[in-house]
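Here is a friendly tour of a protein model, meant to be read with the structure open beside you. Take a moment to look it over before we start.

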Amino acid sequence: METVYRICPFCEATCGLEVEVEGRQIKQVRGNDEDVFSRGYVCPKGVALGELVHDPDRLRMPLLKRGGKHVEVSWKEAFGVLAERLAAVRAAGGQDAVGVYLGNPTVHSTTMTLYGPPLLKALGTQQVYSASSVDQLPKQLVSALMFGTGLSVAIPDIDYCQYLMILGANPLESNGSMMTVPDVKRRLKALQARGGKIVVLDPRRTKTADLADAYHPIRPGTDAHFLAAVVNVLVEEGRVQPGRLAEHVVGLDEALAALAPFTPERVAARCGIPAETIRVLARELGVAESAAVYGRIGTCTQRFGTLANWLPDLIHIVTGNLDRPGGALFAQPAHGAGNAKGEAGRGRGLKMGRRKSRVSGAPEIFGEFPVGALAEEIETAGPGQIRALLTICGNPVLSTPNGARLERALESLDFMVSVDVYLNETTRHADLILPDVSPMERCHYDLAFSQLAVRNVARYSPAHWPVTDRPGDRDMMLRMIAIAGGMGVDADLPMVDDLIFGQLMQRELTLGTSPVAGRDPEELLAALGTRRGCERMLDFMLRTGPYGDGFGSRPGGLSLAALEAAPEGIDLGPLQPRIPEVLRTVDGKIDAAPAVVLEDLARLEADLEAQPELVLVGRRHLRSNNSWMHNLPGLVRGKVRCSLQIHPADAARAGIGPEDWAEVANGTGCVAAPVEITEGIMEGVVSLPHGWGHGQAGMGMRVASQYAGVNSNLLTDEDDRDIPSGTAVLNGIPVRVRAVAALQAEALAAPG
Ligand SMILES: Nc1nc2c(c(=O)[nH]1)N[C@H]1C(S)=C(S)[C@@H](COP(=O)(O)OP(=O)(O)OC[C@H]3O[C@@H](n4cnc5c(=O)[nH]c(N)nc54)[C@H](O)[C@@H]3O)O[C@H]1N2
Ligand SMILES: Nc1nc2c(c(=O)[nH]1)N[C@H]1C(S)=C(S)[C@@H](COP(=O)(O)OP(=O)(O)OC[C@H]3O[C@@H](n4cnc5c(=O)[nH]c(N)nc54)[C@H](O)[C@@H]3O)O[C@H]1N2
Ligand code: SF4
Ligand SMILES: [Mo]
């Protein structure tokens with residue numbers, strides 16, 4: 001028996017795990033009590049690491065579709081097919097004929113995070129899509145517009161905060177998102193224990209709402225209305241107190257004036273929250289010793305995602321809580337985030353809309369188009385039409401709107417290749433599937449989540465088991481990069497890796513502000529020794545980062561070796577104020593009133609007149625993770641999770657009883673699910689979790705197929721998007737419900 005320490009790669013909490021292994025077998029997984037960040041916390045998904053690693057259905061060899069069936073082939077054959085088919089598609093349609101979709105676990109894999117960008121560059125395609133546009137894109141867009149980079153996200157300083165308002169997030173199930181916060185429950189309870197207050201606004205009375213000091217049901221899609229009214233009250237009552245921020249902000253008066261139409265009295269009915277309650281909440285925010293407003297999925301994947309993500313930061317400015325301990329602060333990760341590079345306090349800002357998508361003219365943001373536009377880009381003929389698709393760590397058939405249309409589009413492709421670990425709803429359409437290694441066979445450092453963490457920490461897990469019978473994930477990516485870059489199937493991979501690293505190093509050396517500016521590259525290469533791949537890049541980034549040893553110029557500073565020697569991680573302390581140094585906007589100011597955001601207020605005002613209808617929202621469960629952990633028996637056992645939550649009054653109106661199944665339908669699609677009649681959801685709102693709908697022909701997930709459930713994204717409309725960000729509207733979807741029993745009776749009565 002051997003104990004191995006690893007960072008859990010499954011969700012954003014990044015818990016430290018203590019894994020007992022015997023040879024290549026995981027025997028037990030526990031939380032690592034010594035971990036400087038998670039301090040022993042673990043959830044059932046982390047405990048299921050062994051089930052995932054040893055899952056007999058996890059792919060171990062490349063699969064090639066022959067005569068409609070997937071068969072195992074050698075890696076050599078797989079790469080040969082990839083090279084030949086990609087070349088054929090590009091010869092006929094050019095580089096944009098190859099589309100790419102990057103799914104969520106891409107960001108949880110250090111290898112994919114580091115080698116994904118060079119792969120996109122080698123492909124040279126403009127047809128890039130990702131799970132961002134069914135997730136956090138609105139938050140990243142407003143962060144870039146206001147502060148200069150898409151990962152300059154103001155994070156609630158949860159460990160010091162005295163008043164936390166949570167909208168559209170349920171961290172007690174999700175373990176937090178766009179806020180890396182292991183053991184969130186303990187931290188929330190500590191907030192309360194020091195006299196602080198937590199307020200939750202959600203259409204469902206969630207576990208987080210139960211823990212909170214106050215819970216207010218809110219109509220889906222009306223967070224922006226509500227928050228705009230909160231700002232108005234702060235203005236009206238003379239509580240605009242940006243303090244030291246004032247000199248760093250432009251556009252504040254303009255922003256406040258633009259919100260004037262949204263008084264509590266005008267938004268109350270639409271939000272389902274009394275005007276007086278809105279006033280009370282605004283006052284509480286205004287007088288709190290420190291406060292943060294945290295919105296997540298419910299505020300992002302909705303009709304006014306951009307506005308609903310701008311307003312929290314505007315409130316942070318108005319109340320002086322931005323960049324103040326206990327308010328919302330910017331992380332300072334060890335590897336050197338984009339907002340720690342180059343000239344301090346100034347940068348290039350965000351350039352968006354440099355091009356438009358071919359069919360619906362959606363603007364590019366951060367180099368990608370909204371995934372809602374993917375199917376139309378595959379189906380619509382003309383220059384730039386996608387004829388081949390590469391998916392990496394993605395299951396868009398279940399995760400993106402109108403999965404049925406996307407499946408038809410995938411079937412019409414000339415070639416599809418997926419890098420994945422399962423033969424699932426999406427990859428079953430692929431001609432070629434390249435299996436990834438398990439988390440035990442790759443190194444891990446959280447490049448993305450350390451930028452979103454509630455505390456500055458640095459942790460690293462080396463690959464534990466060597467890969468012998470196949471290319472490792474780095475070599476798989478390098479081979480794909482070589483093929484895409486026209487270097488052929490037999491390219492020398494160490495040479496390709498050297499090229500990629502050389503570019504990374506060159507960029508750093510040319511930054512006048514770098515601790516290694518002007519140094520001899522040969523000397524730095526020598527200092528990096530025999531490290532290659534991710535390890536070499538990480539070591540370089542850490543050493544040139546804000547806490548790094550600067551390759552000798554800052555003795556005692558961080559390096560990969562220091563992290564290797566500390567499997568429990570290195571604590572770098574609480575978040576600290578970083579304004580103005582953190583800013584990377586062109587003028588070095590915080591833009592409180594970005595034009596694309598203010599322009600959207602007309603749409604918000606028009607929505608005040610909308611008539612209430614029955615709408616669908618999503619939800620998450622602790623023992624589930626998007627679409628792909630349903631093959632692990634330890635997680636899916638027990639009560640049926642893919643049920644329709646419905647309020648008793650709505651159930652009664654639709655004639656639905658507690659033992660019934662309900663049909664949920666709208667103009668996009670129709671599904672049926674068992675119901676859970678509960679007071680825990682607002683009247684006029686029903687909820688289905690996403691990520692279910694397994695069990696189609698041609699899949700290879702035997703457990704998941706037995707717990708199939710239905711795909712809630714058969715009901716979401718791919719054309720329905722938050723306008724500024726292009727993010728899909730996945731919450732607040734108009735639907736009709738009726739008892740399936742009634743339906744069957746109708747079918748029986750119908751002639752023939
Ligand atoms: N209706 C509705 N839809 C939603 C949401 C919602 O709340 N409601 N949430 C949205 C959100 S927030 C997200 S992030 C997206 C997720 O969207 P996706 O990322 O497209 O979907 P996932 O379910 O995360 O699927 C991950 C895929 O990666 C594979 N995978 C897992 N581990 C690895 C690995 O180590 N390597 C490789 N190569 N592959 C791996 C899995 O088998 C699976 O195919 O879904 C979105 N869709
Ligand atoms: N166990 C588990 N953990 C996960 C995941 C998982 O699938 N399972 N997925 C991971 C991923 S990829 C992500 S992005 C995060 C997401 O993290 P969270 O955002 O915390 O996830 P949810 O639990 O979906 O919470 C969203 C809440 O928004 C509410 N809601 C829906 N519409 C609205 C609205 O219009 N306004 C308001 N105010 N509320 C609304 C829903 O009722 C729900 O309670 O979780 C991550 N962690
Ligand atoms: S909370 Fe997230 S990171 Fe922590 S053990 Fe669970 S899945 Fe892993
Ligand atoms: Mo997500």
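## A sheet of paired strands

Strand β23 (residues 661-665) joins strand β24 (residues 670-677) through 5 bridges, and the two run antiparallel. Within this pairing, alanine 665 has cysteine 670 of β24 as its bridge partner. Strands here are DSSP runs of E with at least two residues, helices are runs of H or I with at least four residues, and both are numbered from the N terminus. Two strands count as paired if DSSP finds at least two bridges between them.

β23 and β24 belong to an open sheet of 7 strands with mixed pairing, in the order β26-β21-β25-β22-β24-β23-β27. At its edges are β26 (733-734) and β27 (736-739), each of which pairs on one side only.

## How the model was read

This is a predicted model, in which local features need pLDDT of at least 70 and side-chain atom pairs count only at pLDDT 80 or more, while totals for chains, interfaces and linings use all residues. Residues are numbered from 1 along each chain as its sequence is written, chains are lettered from A and ligands numbered from 1 in the order in which they are written, and side-chain values use heavy atoms, leaving out hydrogens and water.

## A strand covered on both faces

In a regular strand the side chains alternate between the two faces of the sheet. In strand β18 (residues 455-458), Arg455 and Val457 on one side and Asn456 and Ala458 on the other are all buried (under 20% relative accessible area, with a 1.4 Å probe and protein chains only). β18 runs antiparallel to strand β19 (residues 570-574), with 3 bridges between them; one pairs alanine 458 with isoleucine 570.

## Where two domains meet

An automatic or database assignment sets the domain bounds: domain 1 (157-330 + 587-604), domain 2 (502-562) and domain 3 (613-749).

## A threonine in a helix

Helix α12 (residues 275-287) contains threonine 277. Is threonine 277 buried or exposed? Threonine 277 counts as buried because its relative accessible area is 19%.

How values were computed. Buried < 20%, exposed > 50% of the residue type's maximum accessible area, 1.4 Å probe, protein only.
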